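Subject: Structure for you to look at

Hello,

Please find the structure below, followed by notes on what was found in it. Keep it open while you read.

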Amino acid sequence: MRQSAGVAQQREIGRLVDAFRHGGMSRRAFLRRCGALGVSLAAAQHLVGAYTGAPAAAAGGPRRGGILKAAFSADPAGFDPVRGPSGMSHVVIEQVYSTLMALDPDAKPYPELAQSYKMTDGGLTYTFNLRQGVKFHHGDELTAEDVKFSFDRLRAPKSGYSYGAQVETIKSVDAVDRYTVRFRLSKVTGPFLIYMAFPGSSIVPKKLVDSGHDLNAKPIGTGPFKFVSYEPRSAIKFQRNPEYFEKGKPYFDAMEYRIISDITALTNALLSGVVNFSNEIPPKDFAKVKASAGLTAVTLEGSRYNWLLLNNTKKPFDNPKVRQAVSFALDRQALVDGAFFGLATPILGGVVPQWNWGYADISFVPPKGDLAKAKALLAEAGYPSGITGVDIGMTLPSSFPNIMAMGPIVQANLAKAGIQAKLGTMEIPRYWDEIWSTSNFGITMMYWLSPLADPDDFVTNNYHCGMAINVQKYCSKEMDALLEQAKSAPTVEARKALYRKMQDLSMQDMPIVPLVNGWLLIGHTSKLQNYRPMRTGFLKTLKDAWLEA
Amino acid sequence: MLRLVALRLAAFVPTLLATSVILFVAVNVVPGSAAKAALGIDATPQAIARFEHDQGLDRPLHVQYLDWLGKALRGDFGTSFQNHLPVSPELLTRLPVTLELAILAFIVANLIAVPLGAAAARSHRHRTDQVVTLLATVMGAVPNFWLATLLILTFALKLGLFPAGGFVSMAESPLRNLSLMIMPALSLGIVSSALLLRIMRAGMIEVLASDYIRTAVAKGATAPRVVWHHALRNALIPFLTVGAVEFGWLFGGVVIIEDIFLLPGIGQLVLVGIINRDYPVLLASTLTVTVAVLTANLLVDVLAGILDPREVYARPRT
C-alpha cells in the first residue's frame, strides 16, 4: 500500500519535472507542488538546479529587513566555542563566529574564512589562505594569529573542550604570515576539513581574549550576526553585522532565538505567530503546521537516527544471533508510521544515511521485518521456543517523545518473536544516572543528531570500543581497526570502501539495532525566502535567506 | 500592633532557615546526577569527575550547605550548572514577572470569589446558591494546566484574540503586557477562586446570621448596604487567611503555567532547575517562592490586625 503510494508519488514528481522543464510551470509553483508531495525543499531545489543548470534562487531579489524569530527547545550552555558543549550553544556560535571552512546544505565543506586551502604531505599538512579585511565585531581585523590562537586554545591540556577528539591529531598550528596559516597533523585525518567547519572550531579574537574578555558572557566573532543579549532560558537576541565579509548579507535586521522547552508550546508559538521559524517541529504537530495558512513546512532527511541498544555483555544479548533476531523482529515501517507519522526513513542496513557519501546500500532487514527469520535465529542461538525466564528490562527516557512512542511498538514486535521485554520509563536525569551511564539495561533506545556530516561521526561513537555512548559495551578489534583505518584513509574512495566493510560487519555483529532516521521537520513563515535547510540541522544558511515584505 | 509584626518577623528567619535545610537536602537526595544531567549523552567518567570537582559536589553535604548558605546570605546564589552564569541577577529579572502574574491571578480570583460568594450567601439554599456552589466545585476540580491549554486553543489558536505566549514588560508596553498576561492570570485565578469562593460564602452566611446584622436590617438598611458595608468586613477575616495561603499556592502554581505561556518568571526557573538538576538554580528559585509565601502570610497577619483589632491581642497564629 505504502509502496504503491511511493510509486505514484515518483510518477507525479516526474510529471512535475517535465512540466517545469518545458516551461509549463513557474519555479515557485514547481517547488510548491513538490512540497505538497512531501518532497523536501532542498531536494526540490536540487531538481530545479538539475534542470536549469543553475542553483535555485527564489523569485524576486533579496530584501533587507525584518526580524527572524526562531524557537528552540533547549537552553544553550555557553557561547565560548571552547566551552559550549551543547548543540544549542552551537546554533548561536555559528551565527556569531566564523570558521575556516563551512558546510553547504548537503554537508559538503567549502572555504569560509579561508579563501583557499591546500593539502600537502599526503594529507598531513593543510595550508589555509585567509580572506583579507575580515573584521571582528569589535573592529579588529582577523589574522592568522587569531586562527592559531583559537586552535591552541582548544588543544590546551586543560581546555575542557568537549570535542577534543576533533583536534587531537593537530600537531601544530603556525601563522606563516598575516593571512596564511598552516596546520600540521600527526596522522591523516579524513574528516579534518569538516572539523574545520564545526562551530567549536570557530575563530576567536586573540587580543580581546588575552585582555580578559569573557566570550561566554559576550561572544565576539566575525559571523553574520552580532550577539546582543541572552536572557537565560528565555531568549537570545542578535543584530545584523553590517561589516560581514559576504557583502550585502545577512538580510535580516535582527534575529531572536526564543527558548521554549515545552514542545507543544513551541508548536503553538509558531502557529500563533509568536515566532516565525522552527526546525524542531514534533512529528505529531507537523500536519498542523503544514495546513496552517502563512506557514511553509519543509522536511529534510538529516542524521537524526534512532537506535536500539542491546546490552552486549548480558544474557541473552551477548549472542550476536539473538541481536540479529531482534533486528529481524522489528517492523520499522510501523515505527515510521506509528511513532513518526510517516516522517522518517526506516534504516535497513548501516546507520550512514543515503544522502551521505559513506552510505552503503545494504538491505539487511526488510522494512516490515521478518518474523520467521527472527525465530530461526533465536532457535540457532539455543532459544527454539523464545526467550523465557530472563528478565529483560527495557527502560526508556520519558523526556524523548519519539522514543516513548516507539517503545510499545518495539515491545510488541519483540513479543511476537518470543522475546518478552519489560517496558519502563524514567525522566532524563535519572535515566542518565541509573540506566545509561551504568549500562543497567537489557534493552534501551536512544537517538542523536550527528552535528558532523562525516561518516566517522555517524559510526565511531556507537561502534568503537570504549566510546562514551557505546554503553551497550560492544568491543571488537576488527571493528576498531576498520573504524580507525576508515578515518585516516587518504582518499574518499578508500574511506568509502572501508565504511562499507564496517557497516557490513555492524550487521553481522549487530551491537546496536538501527531503527529509523527521523527527518528534520521545519516550519517557517512563507515570507521566508531562499532558506536552504542543512542536513546537519545547523542554521548557517540563514545568512542567505530573507523575509519578503 | 508592633508587637505582632515583631513576633511574626522573629518567626520569619528560623522558618526560612529550616526551609533552606529541607530544600537543600531534598535537592540532593532527588535521584539523578547533576553532572550527568549537565553533560548529557556522551559524558565520560573523567568529565563527570571534573564537573563534580569544579562545582564542589564532591564535598560532604554539610560543607556544601554551609558554603551555599554563607554565599546566599550575601545575595550570591552561585552560577548555573547549565549556562555558567550567575543565578542572582536572573532571579531579579524574573521575580517581577512572577509577582505580576501572581497578583493578577489573585485579583481575578477575588473578583470571582467575593461577589459570587456574597451572592450565594444572600440566597443561602436557594437557586443562586446552588448554581454558584456547583460552579465552585467545577472550577476547583479543573487542573490549571488543562484550563491553560483550553484557553490557548480557543483564544489564541482559534480566535486569534491573544498571543499564545511570551512576555513584554509593563514598562515597555502596558497593553501588550496585559494581553500576554490575561490568559495565564485567568488559568490560575479561575481555579484558585473556587476555594476562596467557598470561604467567602461560608463566612458571609455566618456573619449574615449574627445579631448586629439583624439590627442593621431592622434599622432599615438596604440589602446591598447590609452585605457590602456591614457584613463584608467581618466575613473577610477568615477569607484573608485562606487568601494568603492561596497566594502562596499561586506562587507554586506558576511553575507549570509560566512554562505553558512562555513567561520568563521564577516558576519556569524552578522547572528547568528540576529538569536539569541545576542545583544552584533550583535552590535559589524555590527559596524565592518560600520567601514570597512567608511574606504574604506576614502581610495578611498585619492586615487581619487592622481589620479586627482583637487579632492584635490574641496569640499570633502559627
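Where the two chains meet, 30 residues of chain B are in contact with 28 residues of chain A; two residues count as in contact if their C-beta atoms, placed from the backbone, lie within 7 Å. On the chain B side, helix H2 (34–39), helix H7 (144–158), helix H10 (223–260) and helix H11 (266–275) each supply at least two of the residues that touch chain A. Helices (H or I, at least four residues) and strands (E, at least two) are DSSP runs, numbered from the N terminus. That side of chain B divides into 15 nonpolar, ten polar and five charged residues. Here Ala, Val, Leu, Ile, Met, Phe, Trp, Tyr, Cys and Pro count as nonpolar, Asp, Glu, Lys and Arg as charged, and the others, Gly among them, as polar.

A note on the source: this is a predicted model, in which local features need pLDDT of at least 70 and side-chain atom pairs count only at pLDDT 80 or more, while totals for chains, interfaces and linings use all residues. Residues are numbered from 1 along each chain as its sequence is written, and chains are lettered from A and ligands numbered from 1 in the order in which they are written.

Chain B

An unreviewed UniProt entry annotates residues 95–300 of chain B as "domain: ABC transmembrane type-1". UniProt positions are given in the numbering used here, feature names are shortened, and annotations may be inferred rather than shown by experiment. Over residues 95–300, chain B is 83% helix and 0% strand, and the end C-alpha atoms are 20 Å apart.

Chain A in outline

Chain A has 18 helices and 19 strands. Of its 549 residues, 51% are buried. A residue is buried if 20 or more other C-beta atoms lie within 10 Å of its own, exposed if 12 or fewer, and partly exposed in between, with C-beta atoms placed from the backbone. Among contacts in chain A between residues at least 6 apart in sequence, 68% join residues at least 24 apart.

A four-stranded sheet

Strands of a sheet pair through backbone hydrogen bonds, either parallel or antiparallel. One open sheet of chain A has four strands in the order E4-E5-E7-E6, with antiparallel pairing; two strands pair if DSSP finds at least two bridges between them. Strand E4 (114–120) and strand E6 (170–177) of chain A are at the edges with a single partner strand each, so one side of each has no neighbour in the sheet. Six bridges join E4(A) to strand E5 (residues 125–130) of chain A, and A:Met119 has A:Tyr126 as its bridge partner in E5(A).

Strand E12

Helix H12

Which residues of helix H12 (residues 332–340) of chain A are buried? They are A:Arg332, A:Leu335, A:Val336, A:Ala339 and A:Phe340. Seen down the axis of H12(A), these buried residues fall within an arc of 105°, so they line one face of the helix; the arc is that of the directions from the helix axis to the C-beta atoms. Their cover includes helix H10 (283–291), strand E13 (344–346), helix H14 (401–417) and E17 of chain A. Just after H12(A), A:Phe341 takes a positive phi of about 50°.

Backbone details

Most residues other than glycine have a negative phi, and most peptide bonds are trans. A:Ser439 has a positive phi near 50°. It is in the loop between helix H15 (428–436) and strand E16 (443–449) of chain A, and with 16 C-beta neighbours inside 10 Å it counts as partly exposed. B:His84 has a positive phi near 60°. B:His84 lies in the loop between helix H4 (61–73) and helix H5 (87–122) of chain B, and is partly exposed, with 17 other C-beta atoms within 10 Å.

There are cis peptide bonds to look at as well. One joins A:Lys249 and A:Pro250, with omega about -5°; A:Pro250 is in the loop between strand E9 (235–240) and strand E10 (254–259) of chain A. The bond from A:Lys315 to A:Pro316 is cis too, with omega near 0°, and A:Pro316 is in the loop between strand E12 (295–310) and helix H11 (320–329) of chain A.

Regards
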